[in-house]
Structures are given as structure tokens and as C-alpha cells.
Amino acid sequence: MLNLVLFGPPGAGKGTQAHFLAQSFNLVHLSTGDLLRNEIAANTDLGKLADALISKGELVPDSVVISMIEERLKKPRSTVGFLFDGFPRTVLQAQALDKLLMKHHSKVSVMLCLMVDKKELIDRIYKRGLTSGRADDIDLATIEHRIDVYNDKTAPLISYYESQQKYYPIQGMGTIEEIAENLKHTIQSIQKKHTHHL
Ligand code: AMP
């Protein structure tokens, strides 16, 4: 199976690129951000809890996102793999994902990290906020806080995957098409390398 973790700070373009990648490689796209926003739109209890945290730029508890992913992985389906977008965001979530995939006799294949300057991140998020209607995209203090939370809780995952030789930094500045090409090439060269090993 090809299981990709699409990683990077908020505003790095994970959502946009995830759509291309899922299509190109026929993967099931799992975005915890999208799943949480669905809960908010449906006004469920989980949605209410998530909304309060997301609008402040805080992470939702690990247990919440882990069970959401667990449920999706349980669904029987034939797929060549999964594309995880915005998950895992903490070391605990990464460990849980490893365990869940192991249960399904699978594992994370690669972690692709989109590298984008902080100034560009803030610019992109702010611009997105003008049309997305996302409360967490409009307020500058919340945007800065999300980047701090990323550096504090999420960035440690880089060494988590690096130590497993699964970490691939990807140039995340440029046009959407250029970044999509960077991602595609990296995945294809990893796939080639793996086939040679077989
Ligand atoms: P995203 O669409 O991935 O930027 O996620 C939007 C917000 O949802 C984040 O700022 C978090 O508040 C929350 N969220 C999404 N995924 C996770 C996750 N894996 N762990 C904790 N919180 C998450």
C-alpha cells in the first residue's frame, strides 16, 4: 500500500495539494480538518467542542482525531492507499497511526513536508480567510498562534519520521502546479527505489 502523510505548517498548501495527489495516485484522502469542519457544519456535540478549539487556533484532543481516523480505516474498501492530510499533528497521533496501520498489516510509506516561509504562510492563510469564511483564518493573532502550535507540537514529527527514513522535505514555495510536480516526482522516485529493492 502507498500511505502518504502530507505534512507542513498551516497555510503550506496541504489541502490543495492533497486533492491533486489523491487523484494522481488513486488514494483515499483523509483530512482531519475537513472531517472536523463537517462535524461543525452538522452542529454535532463533537462539532461544538471542535469549533471552540479550532477558532482559537488550538489543536483538538488527540483522542478525538485518532478515533475519527480509526473509524475511517475500519471501513472495508479496496484502495491502493491513504493520503493523510493534517494528521498526525502530534507524536502521540503518529504513534497511534502506526498502530492502527499495523492492525491493517500496513504502514506509513512516506512523510512529505511542504516547506514554506513564515511570512508566506501568514499571507496565504489571511488571503484564504477572505473567501473561506474560516474563523481561524481571519484573525492575525490566531494565525500566528497556529504557527506557534505547529512549531511546538507538530514540528517534532519531523524527527519522528526522519529517524524512520521516511521524511522528505518538499519545496512548498512556487505555483500550485510546480509544487504538485515536486510532490509527484518525489513519490514516483520513492516508488521506483522501492521496486528496485524487491
Ligand atoms: P486544517 O484544516 O488541517 O488546517 O485543520 C484546521 C484545524 O482543525 C486545526 O487548526 C486544528 O484546530 C484542528 N485539527 C485538524 N487536524 C487536527 C489534528 N490531527 N489534531 C488536532 N487538531 C486538528
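## Overall fold

The protein has ten helices and five strands, these being DSSP runs numbered from the N terminus (helices: H or I, at least four residues; strands: E, at least two). Its radius of gyration is 16 Å, close to the 16 Å that the globule rule gives for 198 residues, so the protein is as compact as a globular protein of that length. The radius is taken over C-alpha atoms, and the rule is 2.2 Å times the number of residues to the power 0.38. Along its principal axes the C-alpha trace spans about 50 × 35 × 30 Å.

This is a predicted model, in which local features need pLDDT of at least 70 and side-chain atom pairs count only at pLDDT 80 or more, while totals for chains, interfaces and linings use all residues. Residues are numbered from 1 along each chain as its sequence is written, and side-chain values use heavy atoms, with hydrogens and water left out.

## Ligand surroundings

The ligand is surrounded by 15 residues, the closest being Thr32, Arg37, Glu58, Arg89 and Gln93; a residue is counted if one of its heavy atoms lies within 4 Å. Helix 2 (residues 32–41) supplies the largest share of this shell, four residues. By class, the shell has six nonpolar, four polar and five charged residues.

Polar contacts are pairs of N or O atoms within 3.5 Å. Nitrogen atoms of the ligand lie 2.8 Å from a polar side-chain atom of threonine 32, 2.9 Å from a side-chain N or O atom of glutamine 93, and 3.0 Å from a backbone N or O atom of valine 60. The protein covers 95% of the 480 Å² of accessible area that the ligand has on its own, by the Shrake-Rupley method with a 1.4 Å probe.

## Backbone features

The peptide bond from phenylalanine 87 to proline 88 is cis, with omega near 0°. Proline 88 belongs to the loop between strand 3 (82–85) and helix 5 (91–103).

Asparagine 43, although not a glycine, has a positive phi of about 55°. This residue is found in the loop between helix 2 and helix 3 (45–54).

Conventions. Polar contact = N/O pair within 3.5 Å; in protein donor to acceptor, adjacent residues only side chain to side chain. Nonpolar A, V, L, I, M, F, W, Y, C, P; charged D, E, K, R; others polar.
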